Amino acid sequence: MTDLRDVLEGLRRHPGVEHVVVLGRDGLLVHHVGAATLDADAVAAMVPQLVGAATDVGRAAGYGSGRTVVVELDRGVAIALPLTGDTLLAVLLRAGVGFAPLLRELRAHRDTWAALV
């Protein structure tokens, strides 16, 4: 049986993925896979605001809640998405790496992974 750590390690093996973070909607870190150089607690504290802002934009535009948020940064890309009502997933990638296959995997397996949290 697959557990959450296996799933996170699998995501970490995608090209360019440097960090995978599971967090609560309250911004508290649940689990981090990646180099210790990341301040995972700080990232976890900010991701709910990112997802919340995307949801606010979607609702204001009549498009509904945010399901997947992708932010291009100077040196990478941040992807954030809700797993359950209480948990979020954030994936941080290096710049210049295609991530369409990762997005497809995130969409396809979100509900399965949510059951592991």
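# Notebook: a walk through one chain

I began with the secondary structure and counted three helices and five strands in the chain. I note here that the model is predicted. Next I read along the sequence and wrote down the order, α-β-β-α-β-β-β-α.

**Entry: overall shape**

I looked up the radius of gyration. The chain has 13 Å, and a compact globule with 117 residues would have a value near 13 Å, so the two agree. I then checked the box that the C-alpha atoms fill. Along the principal axes it is roughly 35 × 35 × 25 Å.

How much of the chain is buried? I found that buried residues make up 41% of the 117 residues. The chain exposes about 6600 Å². Carbon and sulfur atoms supply 53% of that area.

Residues 24 or more positions apart account for 46% of them. Then I looked at charges. The chain has 11 positive and 13 negative charges, and their mean positions are 6 Å apart.

**Entry: the cores**

I kept one general point in mind: in soluble globular proteins, nonpolar side chains tend to be buried together. Then I looked for such groups here.

The largest nonpolar core has 20 residues. Leu 11, Ile 79, Leu 89, Val 91, Leu 102 and Leu 106 have the most contacts inside this core. Which elements give two or more residues to this core? I listed H1, strand S1 (17–24), strand S4 (76–82), strand S5 (87–94) and helix H3 (100–114). H3 gives the largest share, five residues.

I picked Leu 102 and looked up its partners, leaving aside neighbours within four places in sequence. Leu 102 is in contact with Leu 11, His 14, Val 17, Ile 79, Val 91 and Leu 93.

I also found a second, separate core of twelve residues. Leu 23, Ala 44, Val 47 and Leu 88 are among them.

**Entry: Ala 80**

I went to strand S4 and found Ala 80 there. Is Ala 80 buried or exposed? Its relative accessible area is 1%, and buried means under 20%, so Ala 80 is buried.

I then looked up what Ala 80 touches, not counting residues up to four places away in sequence. The partners are Val 47, Leu 50, Val 51, Arg 67, Thr 68, Val 69, Leu 89 and Ala 90. I also checked a distance. Ala 80 and His 19 are 61 residues apart along the chain, and their C-alpha atoms are separated by 12 Å.

**Entry: two glycines**

I started with Gly 10, which lies in helix H1 (residues 4–12). Its relative accessible area is 21%, so Gly 10 counts as partly exposed. I took the distance from Gly 10 to Arg 94. These residues are 84 apart along the chain, and their C-alpha atoms are separated by 17 Å.

Gly 58 came next. I found Gly 58 in helix H2 (residues 40–60). With a relative accessible area of 10%, Gly 58 is buried. Which residues is Gly 58 in contact with, leaving aside its neighbours within four places in sequence? I noted Tyr 63 and Gly 64.

I also looked from Gly 58 to Ala 35. They are 23 residues apart along the chain, with 33 Å between their C-alpha atoms.

**Entry: Thr 84**

Where does Thr 84 lie? I found Thr 84 in the loop between S4 and S5. Thr 84 has 25% relative accessibility, so I wrote it down as partly exposed.

Leaving aside neighbours within four places in sequence, Thr 84 is in contact with Arg 25 and Ala 114.

Definitions and conventions: Residues numbered from 1 in each chain as written. Predicted model: local features only at pLDDT ≥ 70, side-chain atom pairs only at ≥ 80, totals over all residues. Heavy atoms only, no water. Helix = DSSP H or I, 4+ residues; strand = E, 2+ residues; numbered from the N terminus. Rg over C-alpha atoms; globule rule 2.2 N^0.38 Å. Buried < 20%, exposed > 50% of the residue type's maximum accessible area, 1.4 Å probe, protein only. Contact = heavy atoms within 4.5 Å. Areas by Shrake-Rupley, 256 points an atom, 1.4 Å probe, with all protein chains shown as cover. Lys, Arg positive; Asp, Glu negative; His and termini not counted. Charge placed at Lys NZ, Arg CZ, Asp CG, Glu CD. Core = buried A, V, L, I, M, F, W, Y, C linked by side-chain atoms within 4.5 Å.
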